[in-house]
Amino acid sequence: MDQEDAALVAAFKRGEESAFTALVIKYRETVYRIARRMVANHEDGADVTQEVFIRVHRALPRFDGRSQLRTWLYRITVNLCLDFQERRNRHSWVELEEVVQEAPAETGPVARVEAQAVRQAVAQAVESLPARQRAMVTLRLYQDLPYGEIAKICGCSEGTVKATMFAALRKLRGLLAEEWSEERR
Amino acid sequence: MTCREAREALLETVTGRTAPDLRRAVAAHLEVCPACRAEAARLEETVALLRATPDPAPPEGFWPGFMARLEERISREPVSVWARLRRRMSAPVLGPAAATVIVVLVFVVSTLLRPGAPPASTTQSQVAPFLTDSMRTLMPSLEETVQLWQSGLGTVDAEPLFETQPAVP
Ligand SMILES: [Zn+2]
């Protein structure tokens, strides 16, 4: 395990609550980013993030350090997002308005409109992926995790992750290409 | 390198950092294989588009209050006393033996405090069977502690452990 994480876990097990605070501060933004790419809006992402750390606090005394703390934490995050998504299936994925609003201001109105169109198209395409594919794409493309670690997080083989990623990227490419050709017509 | 191997390697080279020798092997294959070259170009474009979306960030002011809200939620978690006790007791120096001591102590004291429990004079003999050598080594004053608890908690007319604060006039 990462040495800093191991020290924090050991301190927490000794009863030092400040070690938990340190862990939360270290990981909360990444957990939020992963969650936010998988659920519909900020409120849901915030709920998932809080729930992740409640579960961590509950289970950390039994954490045996056989896997990386990070892997375990992201596994909890992805599983909660999948649960959350299942319960809210009627709701669409990421709210497009929010994605567009989050875009930083580009220079010039033309560039801004184009950048927004790209983001919207990408968000829409990612939204259409099945939840597990979305999780894998998020962990690989936005968190830069190795395929082996993604396999542990998602509870499947590395081969499955790679095959799924390939399928997901092909599907996304198809969707984006469609979008582009429509726009150019 | 076969096309199959090249496609698998492309997943590595296009979406992450790759060891230079794998990168070189893929490049060599792409040079001679137009089909994989086209695939690589499409994958690269797709990944670039996907990565162009900014990292989601919460509204301003979300993080400053996060820890307090989390702690508030955690404080409402059920069965925290035992969880906390177990966690405190699992410190590397003391380990599970100390947790056992506490469990036994609680058990012994609660047993002795039951209505109709024998008088305090038999404490030693009652506690003795529960005390192992490792527990005595760990907490040399264990028997004394049990006796103290007994006299403090078990007898009706025992002296209060703390003086009650006199009422402010
Ligand atoms: Zn080829």
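Along the chain, the donors of the zinc ion follow the spacing C-x25-H-x3-C-x2-C, where donors are N, O and S atoms within 2.8 Å of the metal (3.2 Å for Na, K and Ca). This is a predicted model, in which local features need pLDDT of at least 70 and side-chain atom pairs count only at pLDDT 80 or more, while totals for chains, interfaces and linings use all residues. Residues are numbered from 1 along each chain, chains are lettered from A, and side-chain values use heavy atoms, without hydrogens and water.

**Zinc site**
- The protein donors are B:Cys3 (SG), B:His29 (NE2), B:Cys33 (SG) and B:Cys36 (SG), lying 2.1 to 2.4 Å from the zinc ion.
- Angles of 104 to 113° among the four donor atoms make the site tetrahedral (all angles between 85 and 135 degrees).
- B:Cys33 and B:Cys36 are both buried (under 20% relative accessible area, with a 1.4 Å probe and protein chains only).

**Nonpolar core**
- The largest nonpolar core has 79 residues; such a core is a set of buried Ala, Val, Leu, Ile, Met, Phe, Trp, Tyr and Cys residues joined through side-chain atoms within 4.5 Å.
- Among the members that touch the most others are A:Phe20, A:Leu60 and B:Leu70.
- Leaving aside residues up to four places away in sequence, A:Leu60 touches A:Val9, A:Phe12, A:Lys13, A:Leu23, A:Leu69 and A:Trp72 (heavy atoms within 4.5 Å).

**A:Arg37**
- Why does A:Arg37 count as buried? Because its relative accessibility is 12%.
- The side chains of A:Arg37 and B:Thr53 are joined by a polar contact of 3.2 Å (a pair of N or O atoms within 3.5 Å, one able to donate a hydrogen and the other to accept it).

Methods: Buried < 20%, exposed > 50% of the residue type's maximum accessible area, 1.4 Å probe, protein only. Tetrahedral: all angles 85-135°; square planar, octahedral: opposite > 155°, others 65-115°.
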